[in-house]
Amino acid sequence: MAVDRKAFKDLLKNRGLKVTKQRLMVLEAIASCPEEHLTAEEIFELVKVDCPDIGLATVYRTIQLLNELHLIDRINLDDGFVRYEMGTVSGNEQKHHHHHLICMNCGKVISFRDDLLEELEKKITDTTGFSIVNHEVKLYGFCKECGGDLIEEKRE
């Protein structure tokens, strides 16, 4: 996934923030791994390849800023690590949600993009007046490699 450098620079400038090489590199590192859920340390290792002088503290501060700008999302996959991925909101535009399937045997995480909760969210808003701005879904089970197909066959 490519980063729109101009839009990113404009966003920073409009918020009165400096445009730095490190900020751009951190965002690009996350964007370069769209199917992965990276820890701060993994992001640091990716950025350090092209920017060996960068410090881990700079990466942490940049991640915090990118999260506050809604360019990246902070996620918890119940593995003891805080992880990051490209955000579901870009500027004022809401991107399609994606959710996570977590294998209880091997820990594999699979993202899926079907958002089946739109109808439920609309019904909740219509009946309660509650305005939903975000949601996160984690489903637990077993991947194919760990016998997920076999478990499903036993249910039938």
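**Close-up views of a predicted model**

View 1. Histidine 37 counts as buried because its relative accessibility is 9% (buried means under 20% relative accessible area, exposed over 50%, partly exposed in between, with a 1.4 Å probe and protein chains only). You'll find histidine 37 in the loop between helix H2 (21-31) and helix H3 (40-50); helices are DSSP runs of H or I with at least four residues, strands are E runs of at least two, and both are numbered from the N terminus.

Residues are numbered from 1 along each chain as its sequence is written, and side-chain values use heavy atoms, with hydrogens and water left out.

**View 2. Helix H2 under cover.** Of the 11 residues in H2, 8 are buried, among them Leu24, Val26 and Ile30. The cover over these buried residues includes helix H1 (5-14), H3, helix H4 (56-68), strand S1 (72-76) and strand S2 (82-86).

**View 3. Isoleucine 72 and who it touches.** Leaving aside neighbours within four places in sequence, isoleucine 72 is in contact with residues including Leu27, Ile30, Ile63, Leu66 and Tyr84.

**View 4. Confidence across the protein.** The average pLDDT (the predictor's confidence in each residue, from 0 to 100) is 86. H3 has the highest mean, at 97, and strand S3 (residues 89-90) the lowest, at 48.

Technical notes
This is a predicted model: local features need pLDDT of at least 70, side-chain atom pairs count only at pLDDT 80 or more; totals for chains, interfaces and linings use all residues. Contact means heavy atoms within 4.5 Å.
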